[in-house]
Each structure stands twice: as C-alpha cells, then as structure tokens.
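I would like to walk slowly through one structure today, so please have the sequence and the model open as I talk.

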2 protein chains.
Amino acid sequence: MTKVTILDIAEHTGVSAGTVDRVIHNRGEVSLKTREKVLQAIKKLNYEPDILARSLASRKTLRFAALLPEGSNPFWIKPAEGLNAAWREIKPFGIAFEEYRFPYYHKTKFYRQLNAITESKPDGVVIAPVFTDLLQEPLQKLEDSGIPYVFMNTQWENSNYLSFVGQDSMQSGRVAARLLDYCIPEGGQILIFNFISSKGVNSHLQSREQGFMDYFMSEPGAGKKKILTINANTQINKDIEDLLSYHLGLISNPDEITGIFVTNSRVFHIANALEKIKQANIRLVGYDLLDENIRHLRNSRIDFLIGQKPFEQGYKSIITLFNAIVRKKEVPENQFLPIDIITKENIDFYLNL
Amino acid sequence: MTKVTILDIAEHTGVSAGTVDRVIHNRGEVSLKTREKVLQAIKKLNYEPDILARSLASRKTLRFAALLPEGSNPFWIKPAEGLNAAWREIKPFGIAFEEYRFPYYHKTKFYRQLNAITESKPDGVVIAPVFTDLLQEPLQKLEDSGIPYVFMNTQWENSNYLSFVGQDSMQSGRVAARLLDYCIPEGGQILIFNFISSKGVNSHLQSREQGFMDYFMSEPGAGKKKILTINANTQINKDIEDLLSYHLGLISNPDEITGIFVTNSRVFHIANALEKIKQANIRLVGYDLLDENIRHLRNSRIDFLIGQKPFEQGYKSIITLFNAIVRKKEVPENQFLPIDIITKENIDFYLNL
C-alpha cells in the first residue's frame, strides 16, 4: 500500500488540504462537522501523520500534565516512574510534561492542584481521581476547553474521560474472593477490612468489596462462609492491633475467623497486628507490591498479594494521550490491566512491573 | 552528553577507526584480543551505533532463523506470533527471518531441521530445544561458526547459549504446589500427572515436578500431604479416562485424592477424564491458556492455570538476537518471564500475552 497523504484525506472528504492540515495540527477555525468528517477519513484510510517531521517543522510544543498523590504514599512511586518513562520516549516529538502532586488524603490540596492544571490549559491531562466528589466542576472546565483527560488507577463514571487505565476493581475483588474461598474450610468466617478516610470508603475500594461479596453470593461452587466488614478510619483508630483485637473480641468465636481480605495496599498493617496478637492461622489477602507487603509475603504472614501493574498504569496513561493527540489514533475507553496474583513463589518475576 | 562516535572508541582503545568499524560490522580480520577490547570500550562508553543509517549504508542483510514445533500443537501458535511480531519491527534494519518447524514429538524431523539451520549459516538462531539429547553436535557446529543462539521456552544447561527466554520451571512447580496446598485439607492426597513421550519426561516438565515436590518437602507451613506420580505415555495409553480410573483404583481410598497437578498444557485431557468418571471434587492445576483449558477453567473443572507468556517468549527471543548482534548490547543470560496465576476471574486480562 502506498502512503496515505493529506491530499488523499482532502479528496476523500471534499475539503481543502489546508483544512485537513488545520484539523491535524489543531489550529485555526474548523467547524465541528468538518473536523468530525476529517477525523473519520483519517481513521478509515489509516493515515499516519509523519509525526516527527511534523513536530520538528511546526516547532509547537505540546504540554501534558498529570495529577497524582505524592510518593510519601509508597504505592504512587511506580505510577510516577511510568509517567516519566513514557514522557522520555515522546519528548523528542516536542512534548513537555509537568507533574502536580498532592499529599494522599489532602482534599483541599488535590482540589487546588486540579484547578492549577485547568488554568494552565495544557494539551492533555492524566488524573488519579482520588476525591471523586470534587471532580465535576474542574472536569467540566477541561471539557469546555476541549482538553482530553485520562483517568489513571481509579475510574469515575460520571464524566467524559478519554480513557481509563487501571484495574477492573470489581473483578479484582472477585479474584481475592476466589483465593480465600480455596484457602478456607466450609463454615469459616472471613473479615473484609477497609481502611477509610473521614470521607468514607474510596470508590474503587468499594468496588473491590462489592466484587468480593458478589463472588460468594453468585459462584455456584463457593463454600458457605460468613463474611463481616470492618471499616477503620486511621485518623481515629490509631492502633490497628487494638482495633483488630476489639473486633475479633466482638465475634462470638474469634477462632472461626480464618481469612481477612484487606481492600488496599495497607495489608501490612494487618499482618503486623496479627503478628502482635499472635494469630498465625488466618489467611491474609491484600493489594500491591509495597516493600512492607513483600516482606510479609516472604515470611508467610501475607498469603496472596494482588498486583495492579502500577508502572504500566503511568506509562500507558501518557502513551494514550500521545496516541490520541499527536498520532490522532482512536484509543480504547477502558484499558484494563492484568490482575496479577502474587505468592512468595512468583514474586521475584513481578518486581519491576 | 554528546554522542559517542567510532573515533571515541578508537581513541579509547588505541586502535584505528577502521578496526572499530570492522568489529561493529563483523567483517574483515580482527584479532580476538582487539575485538574484545573494542567491545568493552563500546560497552563502557555506552556507544549506540546509528543502526538504521548503518544498515541502509552497508546494505548487508542479516539472517535470523528459528526452530520450533508446528502449530498443530496449540501451545506453539503464540510463540510463533511473537517471533514474527518482533521480526516485523526489525525488518527495516535489513533483517531476514526464516522459521524451521517440526511436528512435536517428531525427533528425526527436529534433528534434520536443526542441521538444515546450521548448514544455512544464519547470523543468529532461536531454538526451542525439545529433544535435548540431540543438541550437542549441531550446537557445537553453531558455536564453531560463531553463530549465537537463544533458547526459547526450554533451557539446556550443557551449552554456551547466548540467552534463555522462558519460565523458571522449577519455580513454577513451586507455585503450583503452593496453590494446591491452599486448596487441599491436611491429610489429602495429590497426584502429579506427567504426559511423557517414548523418550521419557521432557526436562522442563521434570523441573516442574521437582519444584512441586521441593515445596512440600521444604515449606515450613505446608500441610502434610501424600504425593503420587503417574507417568502416562499417550502413544501407549490412548484412553486417559481408563488410565486415570485405573490409577485411582490402585489407591486404597481414591476419595482421598483431592488434587491433581498436570505438568503441562494437556491438563484439559484430565479435566475431560474427571468429568467422565464423575469426580467433581478434585482440584486441578495445569499449564497454559489453550482454548480447551480456558473452557474448563470457565466451567470450574480446572481451578488454576499457570501462564508462561508464550507470545513474549517468541518476541523477546528475536529482540535478544537483534540487541546482541545489531545493537552490540550485552544481553542477560537468563530472561525469566512472570509465572502468571490464572483463575476464571482474571483470565480475560491475560488472553493476549
């Protein structure tokens, strides 16, 4: 096949080559309808702009921005590495990139940073939407300015996001349920442990819990198990051991608790607590390959960790913006990453993902 | 940092630029010692040859070859796809690629194809070393001609391979053991089921079995379980159900068999057999995302599949040759791919790996 050119697109759509060029370069006035027609032709004819030559010629710098928690929350180190690794690859095409960070749990700072982004009018944004109740207005501003945004790690349905990159949270709850179902004998009891902020449970942790419950209600082969939920606000409940002991004490026969599902990466707190209150026979499943979690996986206090490819989350988010904005490619609405099941036997092969 | 050139390498090693050029392009006479010195300087100064310009200028075509089983054995479809996907990426650098296939289990054809490769004197080879007892002489020929070879999927230690791309078989046996250990109550019995050829057990299936046994002998938390091994030669034992029934009949109390570990991708045969002899409460763990296996995973007759990223095995093998031969990069001796644990809940996110 010969290379498709701007002239082919122009001929196919019945507009001038100059108009096609304006659509491709996002400059000048083009009616929405014409723009749509040109983009469809680009897709249909599989036109691949000569992006390097073009960006060198136009000398226009595109700016991408990302909003994510600070690395003091260890989960967020790898997504940041992924964002920056992708950026290094696309930098030669004249792309600038700026990170906007906020302390995890710090709502006002999150809001201020998100507004700083909308005001700087970048060409594309990656957002980790930690506080979903604050999103409506800033996202509306982005949409009004025609700035596409990608959700990383957490999804928020009530918006016109370009793409979501992360795990299917509900399904990952089902995976956790499957694992504990295998580990625990008929009649055993399972605790679901949610770490919450004063705002309540984070939406994707809720989805994980829901997927977990769903499994036991719908899976035909699932053994009969009693399931209890504990919500712990760490700003109030400073001492996890006390809290856990207290809750185990409430249960008529605490020895019947044979499994705990922690819905986020703070499962190491529960491993520490179980160690201190000398409960060794409880199976423990949680999330993410943090150093503290890995230590407990290796010493068998944690049985399974569910990995969510944090590096790839960041990497793919930036590449998605690049594909949509620079390469004019259609990008998938949802990019679900694998739900990795990690034990002490296969952990070594997942450490850099 | 400014770009390192051939002149920098020459200055650093005290040889002429022409000699450096000869080393980089693998042409003309260069003493082993000088060659070694130049390669070390290339590595130290982090010299990156301008490979596209160079291959266009030299117009020399490099030839890569791969030896692997035919796609009639369904496991081998994806590695072949991976090989070809990688080749399409490096084709613009003037690389030709030829596949040499043989019917799985067909020893003489394997040997003939391997000899056809050595006689064609390619620039680099990927080998799936299915019949290890036939390798010595042909590999020696490759080494004598200075042709590097990469092992894909299976490792054979007694050789000077450039790199191995695949799973750590022993460790993947340990993963399988961990999973069955969780599923099966204290005192339960486990069968290891090996499909063998008339040649005996394939070496990497042996490693899987060994890793499995090791786990139960060494893991402090592992419950006491009895483990039995069945070796089934499918050229003799045509009917797997009969064979399985027969072996279950030999056991004093067959209801005590609560788990089966199948050491390769033919686990669907056992799932079919268990279905026919109406044994529903046996936990089943095996390998690879073949369509038949996926079907049984979805209908809960298989509990866990272990994935070994077959596409990536092929892809990385070709890229490894490219990095070593064209880009003059040092490549790792062993490239172990993740040992993916797959259940019916996370299978959908692994189908294209």
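**Where the two chains meet**

Between chain B and chain A an area of about 2,300 Å² is buried, and carbon and sulfur atoms give 59% of it; buried area here is the accessible area, taken with a 1.4 Å probe, that two parts lose on being put together, summed over both. On the chain B side, the residues that lose the most area to chain A are Tyr182(B), Glu345(B) and Phe349(B), which together make up 35% of what that side buries.

Before I go on, a word on the source: this is a predicted model, in which local features need pLDDT of at least 70 and side-chain atom pairs count only at pLDDT 80 or more, while totals for chains, interfaces and linings use all residues. Residues are numbered from 1 along each chain as its sequence is written, chains are lettered from A and ligands numbered from 1 in the order in which they are written, and side-chain values use heavy atoms, with hydrogens and water left out.

How are the two copies related to each other? Chain B can be laid on chain A with an RMSD of 0.1 Å by a turn of 180° and a shift of 0.0 Å along the axis, so the copies are related as by a two-fold rotation axis. The superposition is by least squares on the C-alpha atoms of residues with pLDDT of at least 70 in both copies. The same surface serves both copies, since 100% of the contact residues of chain B recur in chain A.

**Charged pairs**

One to look at is Glu219(B) with Lys344(A), whose closest N and O atoms are 3.1 Å apart.

Glu219(B) also meets Arg178(B) in a salt bridge, at 3.1 Å from N to O. Glu219(B) lies in the loop between H9 and strand S7 (226-233) of chain B, and Arg178(B) in helix H8 of chain B, so this pair ties together parts that are 41 residues apart in sequence. Both Glu219(B) and Arg178(B) are buried, and buried means under 20% relative accessible area, exposed over 50%, and partly exposed in between, with a 1.4 Å probe and protein chains only.

In chain A, Arg178(A) forms a salt bridge with Glu219(A), again with a closest N to O distance of 3.1 Å. Arg178(A), Glu219(A), Lys344(B) and Glu345(B) are linked in a network of salt bridges.

**Inside chain A**

Chain A has 13 helices and 12 strands, and 53% of its 353 residues are buried. A residue I would ask you to find is Ser172(A), which sits in helix H8 (residues 169-183) of chain A and is buried, with a relative accessible area of 0%. Its side chain makes a polar contact with the side chain of Tyr287(A), at 2.6 Å.

Finally, please look at the backbone. Most residues other than glycine have a negative phi. Tyr105(A), however, has a positive phi of about 80°, and Tyr105(A) is partly exposed at 34% relative accessible area. Asp288(A) also has a positive phi, near 80°, but this residue counts as buried, at 4% relative accessibility.

How values were computed. Salt bridge = Lys/Arg side-chain N within 4 Å of Asp/Glu carboxyl O. Contact = heavy atoms within 4.5 Å. Helix = DSSP H or I, 4+ residues; strand = E, 2+ residues; numbered from the N terminus. Polar contact = N/O pair within 3.5 Å; in protein donor to acceptor, adjacent residues only side chain to side chain.
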